[in-house]
Amino acid sequence: MTETFNALKRLRRKLRNRAEKAILDFRMIQPGDRILIAVSGGSDSLSLLQLFCEGFPHVAHDFTFVAVHIDAGFGSKPNILESHLKNLGVTYRIVQTDIASQALNPHAKKNPCFICSMYRRKRIYEIADEESCSKIATGHHKDDMIETLLLNIFYGRKIEAMAPVQPVFQGNLSIIRPFTYIDEDLIKQFAREMELPVLQKHCPMEGNTRREKIKNLIRDVQRDEKNANIRENIFKSFYHVNIDFPEKKSRK
Ligand code: SF4
C-alpha cells in the first residue's frame, strides 16, 4: 500500500516537474492571467486539470482558470465529468452542441475529424472570449505534436507543427501546451493511477482516424528500428529546421 502510494507520488512529481518546466521555458503563464482549460474528458485534459488544481510551486500563483467541456453530442455522458468538476471545486462550464451531426453528415465535404475539430475550436474561442480568458490550455502532449507534424505533411501539404505557445487572433489569445515535454504513455498512466473519470468515447470514427494511422506508422517503424529513437528524433527536428530549399518557380 505504501509502495503504491509512493509510486503515485513519484509519478505525480515527474509529470508536474515536466509540465512546470514547459510552462517556465515557454513563459506560458503570467501573473493575472485567466486561463480556459479545455477539458475533452480524455486522460490528457483530465490530468492537466488535476495538475492545475494541485498547483505548480514555481509558477506565479495569481492566475485564475475555468474548465470548459464541449459536449460534441456523440453520446458520452458528461454527468460523471460534471460530478468530478464539482468535487474538484473548480469553476467550469459544460456546453452542449450538435457538432457530431455536422461532422458525421454524409454530404459533408471534409473529413469528420476536420469538421469536428474546427467546430470545437470555434466554440472554445467563443467561450474564451465570454469568460475573458487570454489563454487556452490544452492537454496536447509530445506525441500529439509529433503526429501533427506528420499529419500536416501527409494530408495538408505543409510543414507545420503544434507550438508550445501558439498565438491566435493577432496575439489577443494564446493556446498553451504544458504537456509539450510529456509522453502520452506517462499521462495515461497518471490518469489510470489517479482513477480520473475518463469519458467513454462513442464517436464511430474512433480508432479509424488519420491520426491513428500515423500513430501506427510511427510504432511500426520504431519496431523495425531498434537503435533509433524515432519519436524523439522527430520531436528534436522541430528545433533543427533547415530551410535551404529552392523556391518553387511559378509557371508562365
Ligand atoms: S474521432 Fe470523432 S470525436 Fe475525435 S475528432 Fe474525429 S470526429 Fe471528432
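Me: Which residue in S4 is the bridge partner of Leu36?
Reply: This is a predicted model. Strand S1 (residues 34-38) pairs with strand S4 (residues 135-137) in the parallel sense, over three bridges. In S4, the partner of Leu36 is Ile136.

Me: Which residue in S2 stands opposite Arg34?
Reply: S1 also pairs with S2, again in the parallel sense, over five bridges. Opposite Arg34, S2 places Thr64.

Me: What is the handedness of the unit made by S1, H2 and S2?
Reply: Helix H2 covers residues 43-54, and strand S2 covers residues 64-71. Together with S1, they make a β-α-β unit that is right-handed.

Me: Which residue in S3 is the bridge partner of His69?
Reply: S2 and strand S3 (residues 92-96) run parallel and are joined by five bridges. S2, helix H3 (residues 78-88) and S3 make a right-handed β-α-β unit. In S3, His69 has as its bridge partner Ile94.

Me: How many aromatic pairs does the whole structure hold, and what is the angle between the planes of Phe52 and Phe65?
Reply: A search of the whole structure finds eight aromatic pairs. One of them is Phe52 with Phe65, at 5.7 Å centre to centre. Planes over 60 degrees apart count as edge-to-face. This pair is edge-to-face, at an angle of 75°.

Me: How many residues apart are Phe52 and Phe65?
Reply: Phe52 is in helix H2 and Phe65 in strand S2. Phe52 is buried, at 4% relative accessible area, and Phe65 is buried too, at 16%. The pair links distant parts of the chain, with a separation of 13 residues.

Me: What is the centre-to-centre distance between Phe235 and Phe238?
Reply: Phe235 counts as buried, with 4% relative accessibility. With Phe238, Phe235 forms an edge-to-face pair, the planes at 70°. Centre to centre, the distance is 5.5 Å.

Me: Which residues form one aromatic cluster with Phe52 and Phe65?
Reply: Phe52 and Phe65 form an aromatic pair. The cluster that holds both also takes in Phe56 and Phe63.

Me: How many residues around the ligand are charged?
Reply: The residues around the ligand include Phe74, Pro112, Cys113, Cys116, Arg120 and Glu206. Cys116 is buried, with 10% relative accessible area. The shell divides into six nonpolar residues and one polar, while the number of charged ones is two.

Me: Is Gln170 buried or exposed?
Reply: Phi of Gln170 is positive, near 55°, in a residue other than glycine. Gln170 lies in the loop between strand S5 (165-168) and strand S6 (173-176). At 79% relative accessible area, Gln170 is exposed.

Me: Where is Glu195 found?
Reply: Glu195 also has a positive phi, near 55°. Glu195 counts as exposed, at 69% relative accessibility. Its place is the loop between helix H7 (184-193) and helix H8 (210-224).

Technical notes:
Residues are numbered from 1 along each chain as its sequence is written. This is a predicted model: local features need pLDDT of at least 70, side-chain atom pairs count only at pLDDT 80 or more; totals for chains, interfaces and linings use all residues. Side-chain values use heavy atoms; hydrogens and water are left out. Buried means under 20% relative accessible area, exposed over 50%, partly exposed in between (1.4 Å probe, protein chains only). A residue is near a molecule or strand if one of its heavy atoms lies within 4 Å of it. Ala, Val, Leu, Ile, Met, Phe, Trp, Tyr, Cys and Pro count as nonpolar, Asp, Glu, Lys and Arg as charged, and the others, Gly among them, as polar. Two strands pair if DSSP finds at least two bridges between them. Helices (H or I, at least four residues) and strands (E, at least two) are DSSP runs, numbered from the N terminus. A crossover is right-handed if, with the strands pointing away from the viewer, the path from the first strand over the helix to the second runs clockwise. Rings of Phe, Tyr and Trp (its six-membered ring) pair if their centres lie within 6.5 Å; planes under 30 degrees apart count as stacked, over 60 as edge-to-face and the rest as tilted.
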